[in-house]
Amino acid sequence: MFNIPKEKQVPLGCVTPAPVTEQPMMITGNWREYRPVLEPEKCDLCMNCVVFCPDACFQLDEAEEMVVLNTKYCKGCNICINECATDALTKAYELDFEDGVVRLEKPF
Amino acid sequence: MASKVHQITVWARGVVQDKEGRDIANGVASAAGKDGKFTQAFDNYVDLPDRVNVPLRKYARISDEEIEERYEYENEKPEIVIVADATIVKGINILRGMEKGGSLVVATDRKPEEILKFIPNRDLLSTIVCVDAKAICGEQTVDFSGSEGGVDSLGIGQGISAPILGALARCTDLVKLDNLAAVVKNQEALRKGHEQAVMSTVN
Amino acid sequence: MAREMMLSGCAASAQAAKMAQVEVICSYPIRPYTAIMMELAKMVANGELDAEFVHGEGEHAQLSVVLGAAAAGARALTGSSGVGVTYAFETYSPIAGGRIPLQMMIADRALDPPGDFGSEHTDAMSCRDQGWLMGWAENPQEAFDNCLINYRVGEDHRVLLPQFVCQDGYFVSHIPGKVALPDQSQVDEFLPPYSLPHPLDPKRPVSHGPQIRPDQGTIMDMQRAQAMLDAPAVIKEAVDDYNRIFGREISPFVEEYMTEDAEIAFFIMGAHTMTARHAVKHLRSQGVKIGLVKLRFVRPWPTQEVAEALSKFKAVGVVETSTSYGGAMRGGNLLHEVRASLYELPQRPLTTSFMAGLGGEMVPLKEFYYMADILSKAVKEGKTKKTVYWVGFEAEE
């Protein structure tokens, strides 16, 4: 009976797919002003950054034997820099980097 | 039909710049109101409640006649975009909806070229203004008394919003420096922002 | 005498509550009405308002606290939005049936699912059968007026009913508009002090809400029905007084705009009335014979006034921002009551329901033009094609 235009449609009961590893509908990389920069030589794989990151942005890359930052979601809270046991992480201003963010049309 | 509604959008960081962003929008509306214009100033409703550092928007709209469609949620076609924290230009298409010939005001210590390189659709701009708001007046007041329809208890323009408003007056006639001076608290920062802003033409 | 300020609906409501000198306030945060409580909290902290400010643990607790306070003899205020209003649902009948005239300020918000901040009238409309007075404000000035008028009417001993004072969330509650604030002396002249005939007082012990037999139940219900029959006269008296004291020209039940020689009209309430007025003005300048009738009180429903106001048109579009799923017209709430008001008339206008602004959507001028077009076509053909139009979401005719 209702002929709702396709671009305005909403799933039944507004039930949306749940993310498994990443949530592509809420990319938060553009929240940060300062990003953590890793110096791998100093890192002793204590995993503090992996554990403390509120957004689980640090992952251990087993092949490389190094922690890797997910810049798509890092909000720049700097907790990892604070918690790093060996000062391998330092903070740097986001505009010094040309890479590392998904350019969004709208905030979400 | 009603006359043109000029739209000004302010981008700021959540919580830490929520009040300053709102002050910019309120300052624009109050100053234009002193010229007899009809104005609106409001927060983007769905960006609130804000989380720390989330990009959020505040809006001001100015018209020569009474604004008839008062309940728009967003500024679809901003003429002027003001960015209170420079890193926002990197992650959001802030010029979305702008028609050719608009202006951009950014609070940063970098030069205009360094900001423009992060904006792929920079051809929409005619002018860019950069002002080092943090150096002129380093404060970012954090206060929620004016948010969500409340009455602001501190007044407009104590922190970085003052030099940003001063810089805005350089690139547009919609708000004049004298009217801004009548509504902004930090007069010195307002004037310094006006003098020290770096304005350059893009196209 | 009056000061004019630019205030949002929330700030205006808080100012009205302060001038009404409320004595007990119970708060619980929910967007978009929260700012009312924020403003009142600031006033109590600054010493501008001498009131007990209690923070409830939920909306049900809010209503329970103010019920106790009002029953004990204090002018009480609370408020909520959206699902908060429905969370407290259990309390509405006891408060109305117990004839406790407290006030609840509602800044509308769409009900879940899922989470939507936008304004829809359904939250308050769901409670319209409980025996509370209920009305909507079009702009912050009316949010201010309605608070004082409702206290006066509700606390009148001929009525003694609690009141829902509603405003659209965000459109009225957040967007500032001009509000003329009167002097305290004018408010004192208009609003007498709170006096409940049956308070909980140790010197004259009474019981509130005992157990009754079924045959006493009907009498209890008839008491509330009687109050609703008596309320319209009290409302008229109160608004006449309000106009006299504050120098205004409010019409108590319905307000007409550009309705002389109009053939079609919008029947509307709430924030979108403002846009509708502009639409009517533009359509008139193009020669369309259109008018607007604005509703102020949903309870008590002004049957006579609505019938009189609408009888002169050939077609009426009832603009609804609330839903009644499965209702007789399969659309909103207002159309049912409008048709019931018009039933006895020998000559009835065509009526149809326009669902607009649901979910908090903005209603632009062009949607009003589309609605007017449908009404004009209905007049030409002598009937309406449908009884409900979901404006903006169906293929256009």
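**Interface of chains B and C**

I looked up the area first: chain C and chain B bury about 2,300 Å² between them, with 57% of it on carbon and sulfur atoms (buried area is the accessible area, 1.4 Å probe, that two parts lose on being put together, summed over both). R31(C), Y170(C) and M362(C) supply 28% of what chain C buries against chain B, more than any other three residues. This is a predicted model, where local features need pLDDT of at least 70 and side-chain atom pairs pLDDT 80 or more, while totals for chains, interfaces and linings use all residues. Residues are numbered from 1 along each chain as its sequence is written, chains are lettered from A and ligands numbered from 1 in the order written, and side-chain values use heavy atoms, without hydrogens and water.

I then counted residues in contact (heavy atoms within 4.5 Å): 33 come from chain C and 23 from chain B.

I found one salt bridge between chain C and chain B (a side-chain nitrogen of Lys or Arg within 4 Å of a carboxyl oxygen of Asp or Glu). R31(C) forms it with E148(B), the closest N and O atoms being 2.5 Å apart.

**Sheet of chain B**

I traced seven strands of chain B in an open, mixed sheet, in the order 2-3-1-4-5-6-7 (strands are DSSP runs of E, at least two residues, numbered from the N terminus; two strands pair if DSSP finds at least two bridges between them). The edges are strand 2 (38-43) and strand 7 (198-201) of chain B, each pairing on one side only.

I checked strand 1 (residues 5-13) of chain B, which pairs with strand 3 (residues 55-63) of chain B in the antiparallel sense over nine bridges. H6(B) stands opposite I62(B) in strand 3 of chain B.

Methods
Helix = DSSP H or I, 4+ residues; strand = E, 2+ residues; numbered from the N terminus.
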